[in-house]
Structure formats: structure tokens, C-alpha cells
Amino acid sequence: MTPARRLGLATVLIVFVSDQLLKCWLLYGVGLAENGPFDLAPFLTIVLAWNRGISYGLFQQGTDLGRWFLVVISFVAAVWLWRWMWRSEGALTVLSLALIIGGALGNGVDRAVYGAVVDFVHFHWGSFSWYIFNIADVAIVVGVVGLLYESFRPAGEKTAE
């Protein structure tokens, strides 16, 4: 196995496992649903939000058909991205794809098990309130930013990797 593939596999596992462990700890260890939100800082609250849609709460699904459609899409996307990652040699591309795959799998498992994605991180300041998200969401966003950065790099820089 090439170093890039090892990096990809390790990243997928780290993102997926850390996302699922933290969600399980918050749901069952802390009892977030029963005990309610708590502040980590004046601008950061841990709060339980069930996201039945996709990013930013778009395309909310109220039926089992919609839920399972999103589960299938998550896993099909993860398989497609995995194939792309496995064929890639550049560390940035592999790392970016692995972050997206780990996040997609984490949120896909949530939908399959709970019927919705477990979101819990809420940044706010005064009257400003940002959307509620989780580790999988952060990994997906960072992975997409990495792919965008990679796509705008000059060809000479990409081959130097």
C-alpha cells in the first residue's frame, strides 16, 4: 500500500471513529437530550440538533423514503470518492477526499441509525448565531476547501508534490 493510500485510510478512520465516538458520548454518556445544552465558552454551546436534511438543514426529509434516500446517497458518494482517492497520488487530494469520505460515512450512519444527523456544536456571539454542526461536517468542509485549493494550484506545483 502506498503512503498516500495509508494516509487516506487512516484519515477516513480517524474522522469516522472520532465523529461517532463523540456523538455517542454526548447522547449516552452526557445525556445531552435529557440534560440539555451546556456552554463550553461564552461563544460556544453544546446543544442537540437533529438535522433531517443535508448541509445547513437544506432538503429536510420528513419521511422514511427521504431519509433512506439520503443514506444511500451518502454511501454511494463515499464509494465514488473512495475510488477517486485510491487512484490519486497527491497527498493533498488524498487527504481532502479522505476527510469528505469520513464525514459522509459519519453522517450517513447517523441517518441510518437515528433517522437524522446528530449536530451539536453551536458558535454564537451576541445576536449572531452560526448554524449547528458536528465533526463530520467540519471534515467535509475542510476536505472540499482542500480540493478547491488543489484545483486552483498551477500544474507545476501539483507535480512537485
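Predicted model: local features only at pLDDT ≥ 70, side-chain atom pairs only at ≥ 80, totals over all residues.
Visitor: How are α1 and α5 (residues 135-152) oriented to each other?

Guide: Their axes, which are lines fitted to C-alpha atoms over the stretch in contact, with angles from 0 to 180 degrees between N-to-C directions, lie 9 Å apart at an angle of about 150 degrees. Angles under 35 degrees count as roughly parallel, over 145 as roughly antiparallel, 65 to 115 as roughly perpendicular and the rest as oblique. The two helices, α1 and α5, are therefore roughly antiparallel.

Visitor: Which residues of α3 (residues 64-87) make the contact with α1 (residues 3-29)?

Guide: The axes of α1 and α3 come within 9 Å and cross at roughly 150 degrees, so these helices, too, are roughly antiparallel to each other. From α1, the contact takes in Arg5, Gly8, Leu9 and Val12. From α3, the residues are Trp82, Met85 and Trp86.

Visitor: Against which helices do the buried residues of α3 pack?

Guide: Buried means under 20% relative accessible area, with exposed over 50% and partly exposed in between, for a 1.4 Å probe and protein chains only. In α3 the buried residues are Gly66, Arg67, Leu70, Val71, Ser74, Ala78, Leu81 and Met85. Their packing partners are α1 and α4 (91-114).

Visitor: At what angle do α3 and α4 cross?

Guide: The axes of this pair come within 9 Å, and the crossing angle is one that makes α3 roughly antiparallel to α4. The angle at which α3 and α4 cross is roughly 160 degrees.

Visitor: Is Thr93 buried or exposed?

Guide: Thr93 is found in helix α4, and, leaving aside neighbours within four places in sequence, it is in contact with Trp84, Ser88, Leu147 and Glu150. With a relative accessible area of 11%, Thr93 is buried.

Definitions and conventions:
Residues numbered from 1 in each chain as written. Heavy atoms only, no water. Helix = DSSP H or I, 4+ residues; strand = E, 2+ residues; numbered from the N terminus. Contact = heavy atoms within 4.5 Å.
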